[in-house]
Amino acid sequence: MAGVLLRRSAGQAVLLAVAVSLAYLLAAAALDPRAELEARNPRPSHAVVEARLARLNADDRTPLVVRYLTWASGAVRGDLGRTVDDTPAAEEMGRRAGVSLRLLLAGVLLGNALGAALGLVGAAGRSPVIERLAAAGGFTVLAVPVVVLATVGEIAAQWADARTGTRIFAWTGEYTPGRPGGSLHAIAERGRHLVLPTLTIALGRAAVLAHYLRGTLRDTADAAFVRAAVAKGLTRRRVLTRHALRVAVIPVVPLSAYGCATLLGGAACTEKVFAWHGMGEWLIDSIHRGDVNAVAAYCCFAAIVVTGAGLLSDLAVAALDPRTRT
Amino acid sequence: MTPVRLVLSALILITSAGCGGTRPGAPSALAPYDIGPAPRDAVRDGGTLRLAAGEFRAQWNYWHLGGPNLDAVTVLRTTLPWLFRADATGAVHPNPDYLARVRVARRRPRQVVVYDLNPKARWSDGTPIGYRDFRALWRATRGRDPEYAIATSTGYDRVRSVERGTGDRQVVVTFARPFGEWPELFSPLYPARTIGTPDRWDHAWLNRIPVTAGPFRPERIDRTAQTVSVVRDPAWWGTRAKLDRIVFRYLARDAMPGALLGGEIDGYDAGPDAAAYARLQGTTGVSVRRAAGPDFTQLTFNGAGPILSDPDVRRAIAMAIDRPAVARSALHGLPGRPEVMNDHVYVDTQRGYQDNTGGAGTYDPAQAGRLLDRAGWARAGGTRRKNGRTLALRFVYPESATTSRQSGELIQAMLRRVGVRLLLHPVPDGDFFDRYLLPGAFDLAPFTWHGTPYPISNLESVYARPRGGAVLQNLARVGSARLDRTLARAVGELDPTRARRAANEADRMIWREMHSLPLYQRPQIVPVRSSLANWGAFGLSDPIWTDIGFRR
């Protein structure tokens, strides 16, 4: 088991290096920081633009390979270059990753739990009405853009606040700046700001997960061991939760892990609409600014997260599925 | 003009303009500004004002290449010396908090401006504001030393020397070439020791505001939450500020209306966003302040293109476009009477604005057809042809700009009537300027210019003839020696009345050569908490930060 994991890790480290290098080359080839600088109004002088590009290691007259080697030699030491703003990209990445993590953690956990519960309800097949409702709800959530979902949430929260006459919900940023209060107050303040984004993210996750889980559960429900358990007198619910779920969840684990990983870097819409300044927003803004180093730093982060998620899902599958433990 | 990405920021504004909404009441012309005015004693002492801001850059050196954008400049306006202040007509007046007296001491043989600084004016580190600060800024921004990453050298490149006058607090600025809009210079001012070397220029203001001299001083720059808060500065020598604290929060445009409704901010500039206007209009506790904005949208012709290089064809196209109809469509759902712009230099509410169209801006499809006939474009079936070429033009616009698309469709129908085919060509937002406008890969392109109280100093880069392949901002690529001379005269004219006259003379030539077709001035929509006084839609004017606050 340990040997397998070790070999996999080594393989993934190579994969990581290749992916990150390709990402840098793609960003450096596709983005045009010179054009962005020259399009500023008033237009900066030629010498100023040249000096800036040289400092950013983004001069399109330097061969791509040379730029890549400069970047890579820094990257292995943890120096990801400087953003167009002249800030170290690694520092900004750390800050943004923290924000994304705080925004998504609760949402992802809640979403997974909710997804599992809905999947079970759907597969239990007790009431076709509930089953249909769950399926329809899931598809609706998947079909509606995050911005709309968030706005509906805001309107509902506003209505609830108006009804109760207090301000329970807040939906702009991580906390309200410039408001005094102790650490306890600060925690409550952050919690208040988390409710709506968490719900928005959780609903999306839950909808995907429930859909897949319902499918795999139904397949498992026909398996011989399940029928045997039912024949021995166990209730259907007990069989599903105690025996079938463990098997049915195996194919869903990698899906969920990779889904969460991509979410960590790709929740741009949620971030924008709730004014959190995380990774997704950073990617979009950096592409707009032609910021090669920032985009490359983002890709490093995404590659690490996806690889990490792969490892975690392997571990989880190994724990769930005795056949993988050789 | 302020050194910000005017074109680009303007494009973002266009992008956000949606459709829908209803117009309340009878439309009337918009006021030049609307700020919920209240006398100082009607304003409560204290309170925190929270404003939404666009993206923050890390660099707080205004004159730096990576300097702050339009929204972040607001933070600097509360904390740094701005020597002049604009009123609603765009006329500028010395700010007595910093200037005891300022005058043009000599015009011949050289323009000399003498600044007498307010003796109380000092930096937050205790050093008095003086000629050294002026000199350091000029040395960096005059563009001689490429080590300094600067956004612009406009105006500073005309300065010959900055000297000490009768004392440290008198500054004598001598110009090598005259510069009419000299009040634009040296605002904001920075302490010499924070900008005196290229290294300090780059790094002293990176992610911090180390020294100030204004009614407020920075309290915290939070880069994680992207907020900046400033508090009342007890060392301020001018009128005491009403507010205790101002918090600027960076929000995506989509998040702003919700933030105002959720009580997280007290006001924001919605631009020409009809959807936000409809959503917030009529909400209790929220007032929507509106004024004629300083921006105007226009249609630039590519005068280097194979078809539009003929000025008669450009004129014909302009005449075939019903500008009032375009304005009505683009400004639908927004307050105010949609009016067309008839000036390239000044906006409607600005002193100096006048109708310079000379008939070129009047909708006259019959005359347009005659002009095209005369230019050799004969009607063959639906579309005109000449020497085997079809009269088809590319209308290039950023794909997310809904208003531009609507205007394009409208103009397409108008041009079809005179036998011109217009091909709508949406392009990725990020490529619009770099890959289409700058290299000249377009025939017609709509975009917005941002007006300022200093409209003349940048005219040359937009309307003077391109020199040596560098189009600068003259995207139409047309011009004439006579226009160049008139523009140079306007820029160098020290008498404001004569400068305005020269600028309008230049504008008449710009109309005649049909460089671009101004369409309409955009309204400024600023939803605020109703109790907020002396802040809102400022138009061309500058806020007086010490008077802003909440009503008692």
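On the surface, Arg482(B), Arg485(B), Arg508(B) and Arg512(B) come together as a patch of positive charge. Patch members have over 30% relative accessible area and no salt bridge, with like charges joined within 9 Å; a salt bridge would be a side-chain nitrogen of Lys or Arg within 4 Å of a carboxyl oxygen of Asp or Glu. Lys and Arg count as positive, and the place of an Arg charge is taken as CZ. Two helices of chain B, H14 (481–492) and H15 (496–513), each contribute at least two residues to the positive patch. Helices here are DSSP runs of H or I with at least four residues, and strands are E runs of at least two, numbered from the N terminus. Arg482(B), which sits in H14, is partly exposed at 48% relative accessible area. That label lies between buried (under 20%) and exposed (over 50%), using a 1.4 Å probe and protein chains only.

Before going on, a word on the model itself. It is predicted, so to speak of local features requires pLDDT of at least 70 and side-chain atom pairs count only at pLDDT 80 or more, while totals for chains, interfaces and linings use all residues. Residues are numbered from 1 along each chain as its sequence is written, chains are lettered from A in the order in which they are written, and side-chain values use heavy atoms, without hydrogens and water.

Staying in chain B, let us move to its loops. Asn61(B) lies between strand E1 (48–53) and helix H2 (70–79) and is buried, with a relative accessible area of 0%. Its side chain reaches the backbone nitrogen of Trp63(B) at 3.1 Å.

The loop between strand E7 (170–175) and helix H4 (192–195) of chain B holds Pro188(B), which is joined to Ser187(B) by a cis peptide bond with omega about 0°. Phe186(B) is in this loop between E7 and H4 too; though not a glycine, Phe186(B) has a positive phi of about 65°, and at 0% relative accessibility Phe186(B) is buried. Another cis peptide bond runs from Arg108(B) to Pro109(B), with omega near -5°, and Pro109(B) belongs to the loop between strands E4 (99–106) and E5 (112–117).

Chain A has 14 helices and zero strands. Its C-alpha atoms fill a box of roughly 85 × 60 × 40 Å along the principal axes, and 46% of its 326 residues are buried. Asp86(A), in the loop between helix H4 (64–75) and helix H5 (89–124) of chain A, has a positive phi near 70° and is buried at 2% relative accessibility.

Definitions and conventions:
Patches are made of residues with over 30% relative accessible area and no salt bridge: like charges are joined within 9 Å, nonpolar side chains (Val, Leu, Ile, Met, Phe, Trp, Tyr) within 5 Å. Accessible areas come from the Shrake-Rupley method with a 1.4 Å probe; for residues, only the protein chains shown count as cover. A polar contact is a pair of N or O atoms within 3.5 Å; within protein, one must be able to donate a hydrogen and the other to accept it, and residues adjacent in sequence count only if both atoms are side-chain atoms.
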